Amino acid sequence: MQDYNEKLNDVYDEQLGRHLVASMSIEAGETLLDERPLLVAPHWECGQLKCAQCLQESYVMCRKCQVYPLCMDCSEHDAFECEFFASGAGSRISKDLLVKNYGICALLKLLLLLEQPEQRALCQTLLDTPVKLEDYRNEDGLWQERDEQVVRPLISSGLVQAFPDQQLTAEVLHAHCIRIDNSAYEVTARDGDTLKGVYVRGASLPHSCVPNTVVALDEQFNMKLYAAVPLESGDIIYTSYTNPLMGTSQRQHQLRLSRHKECACTRCLDATELNTHMSSMKCRDCPDGYAVCELSGSGDWRCLNASCGAVIPATEVHELLAEVGSALVEARGELSAYEALLEQHKQLLHPNHFLLLDIKQNIASILRAAALMNSLNDPCKKLLARRVELCGDLLPVCRAVVPGLSKLYAIALFEYLLAFVELTELQFAEGDVNKKEYVAQLTRARSVAKEALDLLQFEPENSAEGFLTDRIGVELERIESDLMKYGKL
Ligand SMILES: [Zn+2]
Ligand SMILES: [Zn+2]
Ligand SMILES: [Zn+2]
Ligand SMILES: [Zn+2]
């Protein structure tokens with residue numbers, strides 16, 4: 001792993017805690033961190049045993065220690081971990097420790113790291129992060145759940161006696177779990193399951209809903225952090241731990257739950273959410289007005305038309321959102337249910353409202369799946385045109401909420417590209433567009449593909465985004481060869 005330390009300074013302040021600051025001008029795409037994970041483990045609630053080496057599903061156990069699962073492809077796992085249970089302090093622990101208490105997996109990994117002086121030094125910054133347990137004790141059931149699934153099982157298994165130097169109490173174990181959760185990134189295993197990955201320097205990135213960096217993870221869970229936009233010396237390095245396609249109050253709720261943090265980024269402080277209007281309502285009193293949340297006042301929604309100013313009470317907005325939210329869950333992949341929801345709520349919400357975008361994405365993906373299944377039948381042009389329209393609606397929003405090098409925008413461009421090329425080819429084949437129009441549309445498709453590739457150019461090859469890059473490349477080649485064929489008018 002290369003060291004990029006010269007570009008960053010470690011800084012501490014009361015408000016942000018430990019964080020990183022650019023120590024020089026940095027261009028978009030430049031690597032800032034390149035880090036192996038301290039640990040990667042399943043979520044606490046995961047019940048499916050994972051191979052201790054590659055973290056894919058597994059049903060057999062390591063023959064040597066008989067405690068850790070291994071898959072058919074992996075013959076061994078971390079030597080310290082294995083020895084500890086095969087012949088070390090953990091050899092008297094019941095062999096079905098993980099089979100019975102898989103929830104302890106991440107915590108156990110941390111405890112085993114702490115037993116090894118070199119690894120312990122790596123964990124030090126994590127251990128130094130203060131945790132006020134009383135802030136967590138009353139969380140809705142979370143403390144209780146962690147206590148039942150992780151802390152109590154670990155204590156009753158006898159493991160605490162196997163780590164005498166660590167002086168483990170229930171409080172210490174809870175604090176360790178909270179530190180793991182507060183510094184973990186969601187990572188994806190090769191079989192598609194999500195896991196949590198803890199990184200030492202990556203853990204010290206404060207949150208902004210408008211991050212200035214991109215986190216890239218390869219198949220071995222190595223993290224590469226690169227600049228999404230040009231940075232100036234002194235700029236704080238931010239990442240985002242929330243879904244950019246949610247509204248402000250939903251992102252803040254998510255951040256409070258997962259990180260115990262509040263956000264005051266430019267998007268959170270802007271009632272129009274960077275002009276996307278992702279939480280705006282249609283005004284009921286004037287024909288073309290939109291109402292936004294009065295962030296520093298009543299919290300009600302007020303029409304932006306100066307001559308109107310009509311108010312929609314916050315309680316009504318929240319009730320409506322909850323209602324749409326549960327209707328979305330109930331729609332369960334039914335195309336007609338999503339279409340009905342869209343029809344019903346587009347009268348009430350801004351066209352960019354996050355819930356409408358969610359419904360539109362659902363419809364677009366159903367249409368895409370349907371197109372794949374009926375590839376032999378005549379694909380309906382109307383449905384294809386609808387897919388192009390829905391994917392197109394998402395583009396300006398994705399562009400606005402994640403500036404610079406954005407994976408979100410690249411993926412949205414790719415979805416749009418697939419639908420657009422499919423429609424264009426069909427229109428040409430059926431004589432709806434002439435050669436000149438066809439070439440013009442292909443030229444547009446080529447620029448969409450190139451834009452998506454540009455956005456992904458700093459992603460590692462062996463990552464999901466790297467594979468996406470290959471797919472876009474194939475699409476681009478096809479477009480270019482058609483342009484060669486028909487372009488000479
Ligand atoms: Zn494996
Ligand atoms: Zn083993
Ligand atoms: Zn924010
Ligand atoms: Zn109005």
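Colleague: What arrangement do the four donor atoms around the zinc ion (ligand 3) make?

Modeller: Tetrahedral, in this predicted model. The angles they subtend run from 103 to 117°, which makes it so.

Colleague: And the ideal angle for four tetrahedral donors?

Modeller: The ideal is 109.5 degrees.

Colleague: Which residues are the protein donors of that zinc?

Modeller: C209, C263, C265 and C268, each through SG. They lie 2.3 to 2.4 Å from the ion. Their spacing in sequence is C-x53-C-x1-C-x2-C.

Colleague: Where do C209 and C265 lie?

Modeller: C209 is in the loop between β8 (194-198) and β9 (213-217). C265 is in the loop between α9 and β11 (281-282). The pair therefore ties together parts 56 residues apart in sequence.

Colleague: Are those two buried or exposed?

Modeller: Both C209 and C265 are buried.

Colleague: Switching to pockets. What volume does the second largest pocket have?

Modeller: About 1,300 Å³. Its lining has 37 residues. Q15, L16, G17, R259 and K261 lie nearest the centre.

Colleague: Which elements give two or more residues to that lining?

Modeller: β2 (17-22), α4 (117-128), α5 (133-137), α8 (170-183) and α9 (248-259).

Colleague: How does the lining divide into nonpolar, polar and charged?

Modeller: 17 nonpolar, 11 polar and nine charged.

Colleague: Back to β2. Why is it largely enclosed by the rest of the structure?

Modeller: Because five of its six residues are buried.

Colleague: In what sense do β1 and β2 pair?

Modeller: Antiparallel, over six bridges, with β1 covering residues 8-13. N9 stands opposite V21 in β2. A hairpin of three residues joins β1 to β2.

Note on methods: Residues numbered from 1 in each chain as written. Chains lettered and ligands numbered in written order. Predicted model: local features only at pLDDT ≥ 70, side-chain atom pairs only at ≥ 80, totals over all residues. Heavy atoms only, no water. 1 Å grid on protein atoms, 1.4 Å probe; cavity = no way out; pocket = protein on both sides within 12 Å on 5 of 7 lines; lining within 4 Å. Points joined across faces, edges and corners; volume = space filled by probe spheres on them. Helix = DSSP H or I, 4+ residues; strand = E, 2+ residues; numbered from the N terminus. Nonpolar A, V, L, I, M, F, W, Y, C, P; charged D, E, K, R; others polar. Donors = N, O, S within 2.8 Å, 3.2 Å for Na, K, Ca; no water. Tetrahedral: all angles 85-135°; square planar, octahedral: opposite > 155°, others 65-115°. Buried < 20%, exposed > 50% of the residue type's maximum accessible area, 1.4 Å probe, protein only. Pairing = 2+ DSSP bridges.
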